[in-house]
Amino acid sequence: MFELQKVSLDYGGTLALKEMDLSLGAGEQVCLIGPSGAGKTSLLGLLNGRVFPTSGRVSVNGEDLTSLSSKSLRQVRSRIAWVPQDLGLVPNLRVNQNIACGRVAAKGTFGLLRSFLAMGKGERDEIHQLLVRMGIGEKLYERTDHLSGGQQQRVAVARALFQKPRAILADEPVSAIDPERAKDLIELLTTVAREEGLTLVASLHDVSLAQRYFDRVIGLRSGEVVFDGKASDEGLEKLYRLGA
Ligand SMILES: Nc1ncnc2c1ncn2[C@@H]1O[C@H](COP(=O)(O)OP(=O)(O)OP(=O)(O)O)[C@@H](O)[C@H]1O
């Protein structure tokens, strides 16, 4: 689904990624792991066209992101959900409104406003079904900041699914939360991605979570791939014993 060919990313003097070649297949569950500054966020940003390579080619389902019109790029991005570290929920919106935000790229701002002001029955039922699936069906109209941290995680995953994505990208979604909730969120993300056949690419610092929940782990260091293999591979243990 995602293809990087000789991709470099230079932020005006800082070379974040160095001539990277990478292929991530449709439906793969991939964990990016590596120390701070290794290039994980930069790589995720390239995958959904938030940033563009300084050189090389990034393609999504065969489409070179750098050559797309802004409309086509919006279309490609509308099928790639993004779960940021802070979950990106608007605290004083209702749960149903936050989830509706998942379609902002597809609907545009006015379409989203219309949903906020007068949400149709079809949309409301769809959102409610997602919440039921997440185990919090009764929270449909609750203010989002009245929910527990774990419930908010579920809203963020529901918002991602409401986007009807083909891929979910998650940038260190668990770095600011306690280990139990971190495990729950990664379990939820990997489960829904498997059930829906979605590509999941998540960056993590915790190698044990990566090993437990992901099939493929990509280790980055200084903008380069230093490990790419199964979570069970000994090479991964070795890399982390050496303090990658
Ligand atoms: N907007 C930017 N401007 C300049 N340099 C940047 C920018 N974003 C990232 N960098 C640099 O690029 C390199 C890779 O950063 P990146 O954020 O991709 O790493 P990371 O692995 O996600 O780190 P962390 O785990 O701390 O989030 C770092 O050296 C960083 O300082």
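## Close-up views of a predicted model

**Figure 1. Contacts across the sequence.** In the protein, 67% of the contacts between residues at least 6 apart in sequence join residues at least 24 apart. The model is predicted. Its secondary structure comprises nine helices and 10 strands.

**Figure 2. Overall dimensions and burial.** The protein has a radius of gyration of 18 Å, which agrees with the value near 18 Å for a compact globule of 244 residues. Along the principal axes, the C-alpha atoms fill a box of roughly 50 × 45 × 30 Å. Of the 244 residues, 37% are buried.

**Figure 3. Residues around the ligand.** The shell runs through Tyr11, Thr14, Ala16, Gly34, Ser36, Gly37, Ala38, Gly39, Lys40, Thr41 and Ser42. Helix α1 (residues 40-47) gives the largest share, three residues. By class, the shell holds three nonpolar, seven polar and one charged.

**Figure 4. Gly122 in helix α5.** Gly122 sits in helix α5, which spans residues 121-133. Is Gly122 buried or exposed? Gly122 is exposed, because 8 other C-beta atoms lie within 10 Å, and the cut-off for exposed is 12 or fewer.

**Figure 5. Gly122 and Gln163.** How far apart in space are Gly122 and Gln163? The C-alpha to C-alpha distance between Gly122 and Gln163 is 15 Å. In sequence, Gly122 and Gln163 are 41 residues apart.

Notes
Residues are numbered from 1 along each chain as its sequence is written. This is a predicted model: local features need pLDDT of at least 70, side-chain atom pairs count only at pLDDT 80 or more; totals for chains, interfaces and linings use all residues. Helices (H or I, at least four residues) and strands (E, at least two) are DSSP runs, numbered from the N terminus. The radius of gyration is taken over C-alpha atoms; the globule rule is 2.2 Å times the number of residues to the power 0.38. A residue is buried if 20 or more other C-beta atoms lie within 10 Å of its own, exposed if 12 or fewer, and partly exposed in between; C-beta atoms are placed from the backbone. Two residues are in contact if their C-beta atoms, placed from the backbone, lie within 7 Å. A residue is near a molecule or strand if its C-beta atom, placed from the backbone, lies within 6 Å of it. Ala, Val, Leu, Ile, Met, Phe, Trp, Tyr, Cys and Pro count as nonpolar, Asp, Glu, Lys and Arg as charged, and the others, Gly among them, as polar.
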